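Hi everyone, thanks for coming. Let me put the model up, and then I'll walk you through a few spots in it.

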Amino acid sequence: MTNNYSERIAILRPLLILLIVATHVQGNLYRIDLKDVPLGIGSFFHALLSGSLAASALPLLSIISGYLAGYTFSRKSYGANMLKKADRLIVPMLLWNFLAIVYVLWIQGRGGASRPDIPLLTGGWEIWFYALTGFFRLPANPPLYFLRELFLCFLLMPLLLRLVKSHLLFCCFFLSVAYCAVMSINFGFFHRIDIYGFFTLGLFLFRQPELVKKAGFYREKWFQVSWLLAFLLLASALTLYGFQEDPEYFLQLRRGLTLFGPLAFWIISGCIGGPLKQLLLWLSPVSFMIFLGHVIFLNLYWNAWLDLFRSSPLKNYYVLYWLSAIILCVACMAMLRWLWLSYLHRQGS
């Protein structure tokens, strides 16, 4: 089975965002190199999923965003597009960061240690600015820094469009960004500089269709199987390395792995069919809402679990907690989206 481009994107959105959600469930092994967890079958697959495979989620979402940006900016003016992106990215980011600020204030007011990097109770206006916008520090709702980075990518579109016209300039830019990403050089401003490289790659693929057509070998079965096997082996090796006593280069190697992951997930999206495809297509319109609110929900669910069962799920029933957290998060975000659309419909009628 090979789904068309629009179906693949619709399938990938919820799949990639669910991987992001999995990295934020309490007790996740996203940074296995910083955890003192013994290697076992369960811990290996947990770390493989959240610590290795999921690392390619944001890069592929960035590529998709860059590719779609090439289409939208070719149809509408720069000003019209920026107004639309501000409405779709900045407004939701500010709203959900504000809701996260309310939660962090509640925890800090009770003497909790939530987000010590943004002391909202004792800090000045600049702390609130950082928490709301994500400038220079992670925002109150940490994963929403991605929306800030995306908006800046759109803001730089005139420059990026000129850059992707030249194969040489694009290659120099992409390799420079890749080097900075692997070496953790973010210039004190970018949270994830690799997002700019992957976004530009998506824009480059849109503006260079003849190059994509020439590289048609990636559609061959032998290439796809080989790429997927290589990616899985590299991800497994990286995961095992993370369990070592001193995995000094784990973070750099994982960033290097993200160069292979986007194509692997793109290949997988062309093979998904049946009930799983229908489920992902059904979830696709809800995926942005899941991304916006999942951290707040997961924190509230964690506190509710502790209050209800008086014990940490990290010690008992962790698989049940992990699955229920993701399923309930999706259900609650879907309900919020339905309520919001119902409200807009009533306002418009």
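**Salt bridges and buried side chains**

Let's start with Arg 115, which is buried at a relative accessible area of 14%; buried means under 20%, exposed over 50%, and partly exposed in between, with a 1.4 Å probe and protein chains only. Before I go on, this is a predicted model, where local features need pLDDT of at least 70 and side-chain atom pairs count only at pLDDT 80 or more, while totals for chains, interfaces and linings use all residues. Residues are numbered from 1 along each chain as its sequence is written, and side-chain values use heavy atoms, leaving out hydrogens and water.

Back to Arg 115: it forms a salt bridge with Asp 117, with the closest N and O atoms 2.8 Å apart. By salt bridge I mean a side-chain nitrogen of Lys or Arg within 4 Å of a carboxyl oxygen of Asp or Glu. Asp 117 is partly exposed, at 31% relative accessibility.

How many salt bridges does the structure hold? Five. Among them is the one between the side chains of Glu 7 and Lys 277, at 3.3 Å from N to O. That pair links distant parts of the chain, 270 residues apart, with Glu 7 in helix α1 and Lys 277 in helix α14, residues 274-283. Helices here are DSSP runs (H or I, at least four residues), numbered from the N terminus. Glu 7 is partly exposed at 25%, whereas Lys 277 counts as buried at 11%.

Asp 33 and Arg 31 form a salt bridge too, with 2.8 Å between the closest N and O atoms. Arg 31 takes us to Arg 254, which touches Arg 31 as well as Tyr 30, Gly 51, Ala 55 and Leu 238, not counting residues up to four places away in sequence; touching means heavy atoms within 4.5 Å. Arg 254 lies in helix α12, residues 250-257, and is buried at 6%. A polar atom of the Arg 254 side chain lies 2.6 Å from the backbone oxygen of Tyr 30.

Gly 51 is one of the buried residues of α2. The buried residues of that helix pack against α1, α11, α12 and α16.

Last stop, Thr 200 in helix α9, residues 194-207. Is Thr 200 buried or exposed? Buried, with a relative accessible area of 0%. Thr 200 touches Leu 160, Leu 163, Val 164, Phe 170 and Phe 173, again not counting residues up to four places away. Its side chain reaches the backbone oxygen of Tyr 196 at 2.6 Å.

Key:
Helices (H or I, at least four residues) and strands (E, at least two) are DSSP runs, numbered from the N terminus. A polar contact is a pair of N or O atoms within 3.5 Å; within protein, one must be able to donate a hydrogen and the other to accept it, and residues adjacent in sequence count only if both atoms are side-chain atoms.
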